[in-house]
Amino acid sequence: MTPLRIPFLSLVPGEDAADVRSAIDRVIARGWFVLGPEVEAFEQEFAAASGAACAVGVGTGTDAIALVLRALGAGAGDEVITTPLSAAYSALAIMMAGARPVFADIDPARMTIDPGQIARAVSPRTRALLPVHLYGQPADMAAIERIAARHNLAIVEDCCQAHLATAGGRPVGTIGVAGAFSFYPTKNLGALGDGGAIVTNDRALADRLRRLRNGGQTDRYHHREPGINSRLDEMQAAILRARLPRLRNWTERRRALAARYRSGLAGSPVTVPPELDPGHVYHLFVGRSGARRDLQAHLAASGIETLIHYPVPIPRQPAMAAVDPAECPVAARVCDEILSLPLHPALHDDEVDAVAAAVRVFEPRTAS
Ligand SMILES: Cc1ncc(COP(=O)(O)O)c(C=O)c1O
């Protein structure tokens with residue numbers, strides 16, 4: 001019998017390989033590589049899929065966040081409240097815009113920013129809120145909107161892990177002023193390189209962002225304001241166009257696999273995250289265990305690859321030392337317990353069953 005081997009993810013194109021290849025060939029044959037017809041078409045198609053009026057393609061998800069904050073005028077002296085549990089890029093983007101990230105601890109069940117903690121972190125310098133729809137689970141947007149309205153704050157949604165997710169039935173990215181998406185290859189909609197987009201219902205904001213991503217140019221070689229160079233390229237846009245029509249099915253598959261994990265792991269030593277909104281798109285399936293290190297080693301010995309998203313709360317990263325010394329004890333505890341199990345649309349039911357079976361036979365060592 002061949003030993004079990006379940007990698008966390010494979011980025012080699014699968015059922016979409018032929019379409020991806022013909023998209024690449026089309027771009028090469030056209031000989032137009034930056035900001036051209038593929039980007040324009042993708043922007044329209046992605047906006048429609050995301051339920052937004054406009055989409056603006058940019059270089060990365062990090063740039064997408066930073067550009068929106070800049071367009072809103074958030075900069076030196078301003079604070080932007082965000083979560084301590086995310087990819088560090090969420091907070092780094094705030095710093096790229098020139099503002100200061102302030103961390104509000106997470107809700108331990110949802111694992112996204114705790115609205116009660118946001119309310120405590122608001123100061124006269126607060127300019128915007130940056131909730132992250134982490135692992136594909138929407139943040140508690142209704143409560144966040146109430147705080148934003150009370151203090152007149154803009155909401156920018158970090159949707160980098162939440163393509164097609166909805167919060168209370170509303171598409172993420174359209175609840176705040178704008179939503180930032182990443183097409184990093186591992187994302188639910190991934191490119192074969194870096195890519196990002198901003199969605200918004202504000203057409204004037206979209207026009208401004210189109211300028212800012214391209215050096216602030218209005219017409220060729222005429223720069224109205226100092227923008228940056230962060231353009232989605234034609235090759236990535238064409239690849240994303242080839243994949244976008246499959247995204248809804250892929251998302252359904254992710255949801256079905258998550259449901260299978262949920263029943264397979266019931267009664268096991270791993271705590272399964274509650275699904276607090278049916279608009280969850282399961283970018284990751286993250287369980288919790290007080291014996292995380294041993295569990296990860298046990299699964300590795302069983303041929304199952306797992307990852308930790310994320311091992312360190314952002315405010316405890318050395319890169320943030322001078323930014324905000326927030327303790328965020330809930331995030332710190334959660335970071336010690338979380339473990340991401342393999343979940344992607346090409347994963348088979350029997351692979352989920354094998355992972356669940358391996359988890360069930362794990363016996364945490366008891367303290368002697
Ligand atoms: C929640 C979150 N925010 C921001 C980013 C940054 O996106 P990118 O890697 O495209 O810059 C990522 C991805 O790394 C992410 O997962």
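Predicted model: local features only at pLDDT ≥ 70, side-chain atom pairs only at ≥ 80, totals over all residues.
Me: Is Pro-313 buried or exposed?
Reply: Buried means under 20% relative accessible area. Pro-313 has 5% relative accessibility, and therefore it counts as buried.

Me: Which residues does Pro-313 touch, leaving aside those up to four places away in sequence?
Reply: Pro-313 touches Pro-84, Ala-331, Ala-332 and Cys-335. Pro-313 and Val-330 are 17 residues apart along the chain, and their C-alpha atoms are separated by 9.7 Å.

Me: How is the packing of two helices read? At roughly what angle do the axes of helix H2 and helix H8 cross?
Reply: One reads the approach of the axes, then the angle, then the hand of the crossing. Helix H2 (residues 37–50) and helix H8 (residues 234–243) have axes that come within 8 Å and cross at roughly 40°. H2 is therefore oblique to H8. The crossing in which H2 passes H8 is left-handed.

Me: Which residues make this contact of H2 and H8?
Reply: H2 contributes Pro-37, Glu-38, Val-39, Ala-41, Phe-42 and Glu-45, while H8 contributes Glu-234, Ala-237, Ala-238, Leu-240 and Arg-241.

Me: In which hand does helix H3 pass helix H4?
Reply: The axes of H3 (residues 61–71) and H4 (residues 89–96) come within 8 Å, crossing at roughly 40°. H3 is therefore oblique to H4. H3 passes H4 in a right-handed crossing. The contact is formed by Thr-62, Asp-63, Ile-65, Ala-66 and Leu-69 of H3 with Tyr-89, Ser-90, Ala-93, Ile-94 and Met-96 of H4. These residues divide into seven nonpolar, two polar and one charged.

Me: How is a sheet read? What is the order of the seven strands in the open sheet?
Reply: Strands of a sheet pair through backbone hydrogen bonds, in either a parallel or an antiparallel manner. Here the open sheet has seven strands in the order E1-E9-E8-E5-E4-E2-E3, and the pairing is mixed. Strand E1 (54–58) and strand E3 (100–103) are the edge strands, each pairing on one side only. On average, neighbouring strands of this sheet are turned by 25° against each other, direction ignored.

Me: How many bridges join strand E2 to strand E4?
Reply: Four bridges join E2 (residues 79–82) to E4 (residues 126–130), and the two strands run parallel. For Glu-79, the bridge partner in E4 is Thr-126.

Me: Which strands does helix H6 touch as it packs on the sheet?
Reply: Helix H6 (residues 141–151) touches E4 and strand E5 (154–158), and its direction makes about 150° with that of E5. Another helix, H7 (residues 203–212), lies across E1, strand E8 (178–182) and strand E9 (196–200). H7 runs at about 15° to E1.

Terms used
Residues numbered from 1 in each chain as written. Heavy atoms only, no water. Axes fitted to C-alpha atoms, helices over the stretch in contact; angles between N-to-C directions. Parallel < 35°, antiparallel > 145°, perpendicular 65-115°, else oblique. Left-handed = near helix turned anticlockwise from the far one by under 90°. Contact = heavy atoms within 4.5 Å. Pairing = 2+ DSSP bridges. Nonpolar A, V, L, I, M, F, W, Y, C, P; charged D, E, K, R; others polar. Buried < 20%, exposed > 50% of the residue type's maximum accessible area, 1.4 Å probe, protein only.
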